[in-house]
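I am keeping these notes as I look through one structure, entry by entry. My plan is to write down what I looked up and what I found.

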Amino acid sequence: MTAAEVFDNSGTGPIDQFDSPGLKGIGIEDIVRQMLDHLGEDPDREGLVKTPARVDRSMAFLTAGYRMRIDDVVGDAIFHEQIDDMVIVKDIEFYSMCEHHMLPFFGQVHVAYIPNGKVIGLSKLPRIVEMFSRRLQLQERMTRQIAKCIEEVLEPKAVCVISEARHLCMMMRGIQKQQSSTISSAMLGEFRTKPKMRIELMGMLENSFRR
């Protein structure tokens, strides 16, 4: 996957959580009204009359990752340092929506990399996670997109991204299993080619996974 493919859905920048303008011009409100009517509800009922506008704003926020650009996310927070020790940011919370049923899945992402002359501001790693999680997603694809993005930006010796999530499409419907979780990993560079390095990383992350 190239940088162009990783950042293919970039746009003008992130949408603020508390000032999402909605996805104007594509009829989301009309679609929601039709859906409510199809479900047997009255879209003009007091409790629902503003729901289409709320859903419009909510969807704009929940899919804001499509309109975020990596240059805006990272900014000038890349620094040249002769460091080759492992850097890990654990327990990054994320919320996303599965592309199959448009139901939430959520959990934690752990990011590790070994610098190769460049490091990134630590807060930027959660922002990269946010950029890819705020889209309609597959957990497996999201995990790899985050890893490839970090590889493109930093050119490190190694990158590892591990995500653990619970999927409401498995909990609320279908198989209805409440305690299951899904773990996905993407390992690049020396984490893939050097087993001892991978073992060291997994030892450091051992207590991070949900019990």
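Predicted model: local features only at pLDDT ≥ 70, side-chain atom pairs only at ≥ 80, totals over all residues.

Is Lys 118 buried or exposed? I looked up its relative accessible area, found 18%, and noted Lys 118 as buried, because buried means under 20%.

**Entry: the whole chain**

I began with the overall picture, and I counted nine helices and seven strands in the protein chain. Of its 211 residues, 43% count as buried. I then looked at contacts with a separation of 6 or more, and residues 24 or more positions apart account for 72% of these in the protein chain.

**Entry: salt bridges**

I looked up the salt bridges next, and the count comes to nine. I followed up some of them, one of which joins Glu 155 to Lys 118, with the closest N and O atoms 3.6 Å apart. This pair links distant parts of the chain, since Glu 155 is in the loop between α6 and β6 while Lys 118 is in strand β4 (residues 118-120), 37 residues apart.

Another salt bridge is formed by the side chains of Lys 157 and Asp 84, at 4.0 Å from N to O. Here too I noted a link between distant parts of the chain, with Lys 157 in the loop between α6 (139-154) and β6 (158-167) and Asp 84 in the loop between β1 (78-80) and β2 (87-98), 73 residues apart. I checked how accessible the two partners are, and Lys 157 is partly exposed at a relative accessible area of 30%, while Asp 84 counts as partly exposed at 48%.

I also wrote down the salt bridge of Lys 194 with Glu 190, where the closest N and O atoms are 3.7 Å apart. Lys 194 counts as partly exposed, at 39% relative accessibility.

Most residues other than glycine have a negative phi, so I made a note of exceptions. I located Met 102 in the loop between β2 and β3 (104-114), where it counts as partly exposed at 42% relative accessibility.

**Entry: helix α2 against helix α3**

How do helix α2 and helix α3 pack, and at what angle? I found an angle of about 125° between helix α2 (residues 28-38) and helix α3 (residues 51-62), with their axes 8 Å apart. That makes α2 oblique to α3, and I recorded the crossing of α2 past α3 as right-handed.

I listed the residues that meet: on the α2 side they are Ile 28, Glu 29, Val 32, Arg 33 and Leu 36, and on the α3 side Thr 51, Pro 52, Ala 53, Val 55 and Asp 56. When I sorted the residues of this contact of α2 with α3 by type, they divided into six nonpolar, one polar and three charged.

**Entry: Ser 133**

Which residues does Ser 133 touch, leaving out those up to four places away in sequence? I found Phe 94, Tyr 95, Ser 96, Met 97 and Met 142. Ser 133 itself is found in helix α5 (residues 124-133), and I noted it as buried, with a relative accessible area of 0%.

Terms used. Residues numbered from 1 in each chain as written. Heavy atoms only, no water. Helix = DSSP H or I, 4+ residues; strand = E, 2+ residues; numbered from the N terminus. Buried < 20%, exposed > 50% of the residue type's maximum accessible area, 1.4 Å probe, protein only. Axes fitted to C-alpha atoms, helices over the stretch in contact; angles between N-to-C directions. Parallel < 35°, antiparallel > 145°, perpendicular 65-115°, else oblique. Left-handed = near helix turned anticlockwise from the far one by under 90°. Contact = heavy atoms within 4.5 Å. Nonpolar A, V, L, I, M, F, W, Y, C, P; charged D, E, K, R; others polar.
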